[in-house]
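User: I am new to reading protein models and would like a close look at one part of this one. Could you walk me through the places where the ligands sit, and what surrounds them?

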Amino acid sequence: MKILFIASEGLPYSKTGGLADVVGALPKALAEMGHEVAVLLPRYRGNKIGSILVSSVTVTLGDKLRFPAIGEGPAVAGVRYFFVDDRGFFDREQLYGEKGADYPDNAERFTEFSRVAIEFMKRVWLPDVIHCHDWQTALVPVLLRTQHAEDPVARALPVVFTIHNIGYQGIFSQSVMRTIGLPETFFTMDRLEFYGRVNFLKGGLLYADYLTTVSRRYAQEIQTPEFGSGLEGVIRGRADRLFGILNGVDYSVWSPEVDTFITQNYSVHNLEAKKADKKDLLQQFKLPVDKLECLERPVVGIVSRFADQKGFDLIARVAGDLMKENLTLVVLGTAQPEYEKLFKDMAEKYPGRVGVKIGYDNPLAHKIEAGADMFLMPSRYEPCGLNQIYSLRYGTVPIVRATGGLDDSVQSFDPKTHHGTGFKFEAYDGRALLDCVRAALKLQRDPKAWQMVQKNGMAKDFSWKASAAAYVTLYEAAKRARIPRVAGTSKG
Ligand code: ADP
Ligand code: GLC
């Protein structure tokens, strides 16, 4: 099957969060299964392309014309990479915005990207199925089913749409209808209108053939007002076409046996070696390593976007009590200033016990996975979450709130049966978090039991194989859902 991924970020070219890990790894897994896979991305600053395939595509945005190009970069692991190249729109400092503010022209930027994606399919690489991701590509199914509805090639193209996070919807003022070039008849409640504004994601949810999200539990959650961010009704209306497929892990990048960023590689057979990574981690954060107690004190790690979703307000509520426990906290993250301040203040208040790095630092993220004893994710909501799954493989025991993919990927350790891979709490509450951390610390004092929970986690297999096969089943269903392509019209 020819599968085209259309996404706003993807490794190895661009990344702000887990979407990029998925767009990096799932195509690779599909290519390994023998499918022909291509990924279309915006060409951001620093992305190198080998050749220009189409030097100019005319895109109308309201009363303005733009002329992006389409290029191709080097193939990676059997996957082809194509780019929409418009320097004015994408050659910028960041992907979506700077200093906490979105770029004001995001509606235009991703409308152009979606429009060029359709041209790309017609002129360069015609797939059997399209896989779109998040609001930035939600206009692809909308445009295919409306403005291209009479085109026999476009009409036959099935679209699978994955929701990585329903909290980000691409909501803009009504005036962008003109920019997008959609008629006002689309500005209705059963189409793109959302409380008086335009909602890109809503369009994608309504017009895609199949919807997926990144865990089973999140697929249930987004049908409720608590988690649906206002789109729960739309999701419920399409529940028969919605599937939860848990993200996998690229173990060639994220496993302690082969990780190239860590000081000491190790495996389930020589867990002792993990201690060298712990020492290195403490040194990276300029935390003391001179006394045995510093080296033995459990290290709790955090690597995260600092967003409300991630639940750090719970830490703020119980920071004092948390730091009364015998633990060291190491934190890597950036985004909302209030959380940056929270952790910086903690580092100042508990010198030698809290290490903080504000910023984005991939090698350090690997060092935390390897060097920490526990990994904390107290998310308010979490569609899938990847770091807890990485942690499992590194023998770094996850402590998570039981929501979305965190709940689906971590099993609570039961000291009686010795089953389970981590620690979970239910209530969105500081006390519940504290009790859960205390339970983990208590178990950690029993080395035998602790090794058991570590090894249970390390033995789990979250490779992409099973999830990629689930996507293929869905791609096939999406193909069947479309009318057959008219003979003689296909290209490529
Ligand atoms: P989300 O996509 O909501 O941010 P995920 O857990 O799915 O959450 O994925 C986050 C990804 O981004 C992981 O690969 C994680 O290691 C990485 N990451 C997040 N913050 C940072 C950071 N400050 N530095 C380096 N990597 C980070
Ligand atoms: C989103 C979610 C995260 C998920 C990632 C990849 O960014 O917040 O939970 O793991 O997408 O699907």
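Analyst: What follows is a walk from the domains to the ligands and then to a few single residues.

A word on the ground rules. This is a predicted model, in which local features need pLDDT of at least 70, side-chain atom pairs count only at pLDDT 80 or more, and totals for chains, interfaces and linings use all residues. Residues are numbered from 1 along each chain as its sequence is written, chains are lettered from A and ligands numbered from 1 in the order in which they are written, and side-chain values use heavy atoms, with hydrogens and water left out.

Let us begin with the domains. The chain is divided into domain 1 (2–248 + 465–481) and domain 2 (271–461); these bounds come from an automatic or database domain assignment. The C-alpha centres of domain 1 and domain 2 are 33 Å apart. Where they meet, 18 residues of domain 1 are in contact with 18 residues of domain 2, contact meaning heavy atoms within 4.5 Å.

Now to ligand 1. Helices (H or I, at least four residues) and strands (E, at least two) are DSSP runs, numbered from the N terminus.

Next, look at the polar atoms. A polar contact is a pair of N or O atoms within 3.5 Å; within protein, one must be able to donate a hydrogen and the other to accept it, and residues adjacent in sequence count only if both atoms are side-chain atoms. For ligand 1, an N or O atom in the side chain of K15 is 2.8 Å from an oxygen atom of the ligand. A polar side-chain atom of D21 lies 3.0 Å from an oxygen atom of ligand 1, and for R305 the corresponding distance is 2.7 Å. Taken alone, ligand 1 exposes 570 Å², and the protein buries 93% of that. Such areas come from the Shrake-Rupley method with a 1.4 Å probe; for residues, only the protein chains shown count as cover.

Buried means under 20% relative accessible area, exposed over 50%, and partly exposed in between (1.4 Å probe, protein chains only). The side chain of D21 also makes a polar contact with the side chain of Y390, at 2.7 Å. Leaving aside neighbours within four places in sequence, D21 is in contact with L11, K15, W254, L386 and Y390. L11 has a feature of its own: a cis peptide bond joins L11 and P12, with omega about 5°. P12 sits in the loop between strand 1 (2–6) and helix 1.

Let us move on to ligand 2. It has 14 residues around it, and the closest are H164, N247, E382, C384 and G385. Domain 1 and domain 2 both give residues to this shell, so ligand 2 lies between them. Helix 1 (residues 18–32) gives the most, with three residues. By class, the shell around ligand 2 divides into six nonpolar, six polar and two charged residues.

An N or O atom in the side chain of H164 is 2.6 Å from an oxygen atom of ligand 2. N247 brings a polar side-chain atom to 2.8 Å from a ligand 2 oxygen atom. In P383 a backbone N or O atom lies 3.5 Å from an oxygen atom of ligand 2. Taken alone, ligand 2 exposes 310 Å², of which the protein buries 93%.

One last stop is T396, in the loop between helix 15 and strand 21 (397–401). T396 counts as buried because its relative accessibility is 1%. Its side chain makes a polar contact with the side chain of K274, at 2.7 Å.

Terms used. Near = heavy atom within 4 Å. Nonpolar A, V, L, I, M, F, W, Y, C, P; charged D, E, K, R; others polar.
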